[in-house]
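Here's a quick briefing to read alongside the structure. Take a look at the picture, then go through the points one topic at a time.

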Amino acid sequence: MVGRRNGARTEALSAVLAGRYGAVREQFAEHFADPLFRPVTDLDRPAHRRRTLEQLQALARGGGPRLGFPADYGGGGDMGAAVAAFQLLAFADLSLLVKAGVQWGLFGGAVQHLGTERHHRRYLPDIQSGALLGCFAMTETGHGSDVQRLRTTATFEPDTGEFVVSTPDEDARKDYIGNAACDATLAVVFAQLLTAGRSEGVHAFLVPIRAEPGGAPLPGVLVEDCGAKGGLEGVDNGRLTFDHVRVPREALLNRYGDVSPEGVYTSPVDDETKRFFVMVGTLVQGRISVAGGALSAAQLALTIAVRYGEQRRQFRAPGAAEDLVILDFLAHQRRLLPALASTYAFHFAQRHLVDELTRVTSAGVDPTSDEATKDRRRLESQAAGIKALGTWHAVATIQTCREACGGAGYLAENRLTQLRADTDVFTTFEGDNTVLLQLMAKGLLTEYRDEFGELDTLGTIRFVADHLVQAVLERSGVSQLTQRIAAVVPAESADVRDRGWHRDLFAWRAEHVVDSLARRIKRQVDDGTDLFAVFNSVQDHVLLAARASTEALILEAFGRAVDGCPDPAAADLLADCCALHALAVLERDRGWFLEHGRLTPQRSKAVTSAVDDLCARLRPTARTLVDAFAIPEAGIAAPIALGAEAERQRLRREAVDPLANR
Ligand SMILES: Cc1cc2nc3c(=O)[nH]c(=O)nc-3n(C[C@H](O)[C@H](O)[C@H](O)COP(=O)(O)OP(=O)(O)OC[C@H]3O[C@@H](n4cnc5c(N)ncnc54)[C@H](O)[C@@H]3O)c2cc1C
């Protein structure tokens, strides 16, 4: 049997994975009854774009996109449900997921979070219904990661009461913008606000770019199509250039800064850098959604590869009547099962982010309180780390699955090549992963204190040297250090699968790397090294600090899921997955742990043996683990995962095999 196996354990695991979003998932699965949502191959770019737009409009009619918008404007008021629903779009087509993310997450999210009541009333109902299609124009040809220095200008003229939006040169042209090439009529344009002869920093403006979807650009707007991309061909990415385009004063999304009719600028956030980070921080939902979309793609790829691995036969043991299924080879298990276990880990880390997003954006929370501010900073920082590691994990896992399916994996109908092409850029958009890890490290180094928001990169270096090292020194006083080291260097005979040991070890590494980074910065600053040179020389350390902290966070989230699992059989399975995930990370990084005296050579070898043992132990339940992702059969769609290989094997068995007795 090839379809989903609905055993009690699969059901229990599915329920744990779905959490409070089970109903959202079921509602979404209904879309697959409509052939419009079935994955197809062989579409040329114009046809793919048309189909993606049709899918987007059908989604809007279904009402799902309303989930995350405020109830006052016809929305569902549940940001967590919106993210959970969004990530399921990956099973239909990642182009649809990205186009929907632009329309409702980026464009709609910017109007919601950066605009005020006048914008909400006027635009949110039409954005939700899809009657108004928009785009989010932040990146410029010359400024992608460093968007604070983008160069489009919006100059206020008191005489006319208008902003004049201009692209000073090609470097300042908006680039890669989703929905811009064909469908968007309104753009959220990020530009330097100029009034009364002063620049007030980056703000967002609503700028009409065409009268109707597919129509010609409006006067003063130049639209270019980005053309062929490495994937996501259903999304119309474009470039925008503005030649003195006039928009009314009210086009400014004015939640964090406004201009009076006389041209006087006011803002509730005085510091320009802090204001910029506060504005960008409100868009964190986009980053969390991208991480979720990549995770769904990894789940789909693993479902295809594990199903195929259970049917595909190669090589015969001496005396055996049949060839072995490839998933019975340890090497094959080693490729797929740690990746599967880590996909579970990322699932629970993503759940943590979604829960936190729901909590910090819920109606009862006072967003101006110190605690709420710190919570939001922590969420931004954690979302940056999990988006970076999660999208890298997805890209690597999809490639592994492609190879694990051999030549069949390379056929477009089996979906893996498309998933690989489409997820590639997830490591770049919504923040380049390397740059995001630097953002995460900034949160760690400043401990999310008030200064976090105001500090640019060099300010962070100065802050660490001035403020943090004393705290670090106190934290790593000799007696505490000895106790912590004792906890993470257990007796040689202790079980390497012990979850408490994994947790302590990951937490110790996270703390140690941040502490040693702070000391290194302090030493160099005290020696008089130029701040930029300090920043540059510790970048590898910064990235390791972010990675180590994110990995500790992911393991904690997985541990909580195991502890909270109400079904004992499902909990046992989750505990094995959690151990395999942790041990696979330990095995990958054993050089570091050996160098730092946290692993002996014997224990390091024991880790490798334990990975082998756990792979063998999880092998019989591999199908249960992927079936629990509960991807609708129509959303899997790959013939090799739907029984084509099993059927071929059956026919072969039934036919007279001329080599059977050799
Ligand atoms: C398909 C697609 C869709 C997109 N959609 C949109 C959209 O709808 N709206 C929008 O506004 N933008 C969009 N973007 C733009 C996207 O967000 C940017 O490409 C991204 O932020 C990276 O910017 P960049 O391309 O300028 O790369 P760069 O910032 O030039 O980065 C290039 C390389 O330099 C490295 N690097 C940069 N700074 C540092 C540093 N300080 N330290 C170490 N390494 C560094 C990066 O890690 C990266 O590897 C899209 C991009 C693509 C490809």
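**Around the ligand**

A backbone N or O atom of Gly144 sits 3.4 Å from one of the ligand's oxygen atoms. Overall, the protein covers 67% of the 970 Å² of accessible area that the ligand has on its own. Keep in mind that this is a predicted model.

*Who else is at the ligand?*

- The ligand is surrounded by 17 residues, and the closest are Phe136, Met138, Thr139, Ser145 and Asp432.
- Phe136 has a backbone N or O atom 2.8 Å from a nitrogen atom of the ligand.
- For Met138, a backbone N or O atom lies 3.0 Å from an oxygen atom of the ligand.
- Sorted by class, the shell around the ligand contains seven nonpolar, nine polar and one charged residues.
- Two elements, β4 (174-178) and α12 (433-446), each give at least two residues to that shell.

*Helix α1 and its cover*

- Helix α1 spans residues 8-18, and its buried residues are Thr10, Ala12, Leu13, Ser14, Val16, Leu17 and Ala18.
- What lies over those buried residues? The cover includes α2 (22-29), α9 (330-360), α19 (568-588) and α22 (622-627).

*The nonpolar core*

- The largest nonpolar core has 204 residues, and Phe190, Leu240 and Tyr344 are the ones that touch the most other members.
- Leaving out residues up to four places away in sequence, Tyr344 touches Leu13, Leu17, Phe558, Leu574, Leu625, Ala628 and Phe629.

*A look at Glu272*

- You'll find Glu272 in helix α7, which runs over residues 272-281.
- Is Glu272 buried, partly exposed or exposed? Glu272 counts as partly exposed because its relative accessibility is 37%, and that class sits between the buried cut-off of under 20% and the exposed one of over 50%.
- Not counting residues up to four places away in sequence, Glu272 touches Ser199, Glu200 and Gly201.
- Glu272 and Ser199 are 73 residues apart along the chain, with 9.9 Å separating their C-alpha atoms.

Technical notes: Residues numbered from 1 in each chain as written. Predicted model: local features only at pLDDT ≥ 70, side-chain atom pairs only at ≥ 80, totals over all residues. Heavy atoms only, no water. Buried < 20%, exposed > 50% of the residue type's maximum accessible area, 1.4 Å probe, protein only. Helix = DSSP H or I, 4+ residues; strand = E, 2+ residues; numbered from the N terminus. Contact = heavy atoms within 4.5 Å. Near = heavy atom within 4 Å. Polar contact = N/O pair within 3.5 Å; in protein donor to acceptor, adjacent residues only side chain to side chain. Areas by Shrake-Rupley, 256 points an atom, 1.4 Å probe, with all protein chains shown as cover. Nonpolar A, V, L, I, M, F, W, Y, C, P; charged D, E, K, R; others polar. Core = buried A, V, L, I, M, F, W, Y, C linked by side-chain atoms within 4.5 Å.
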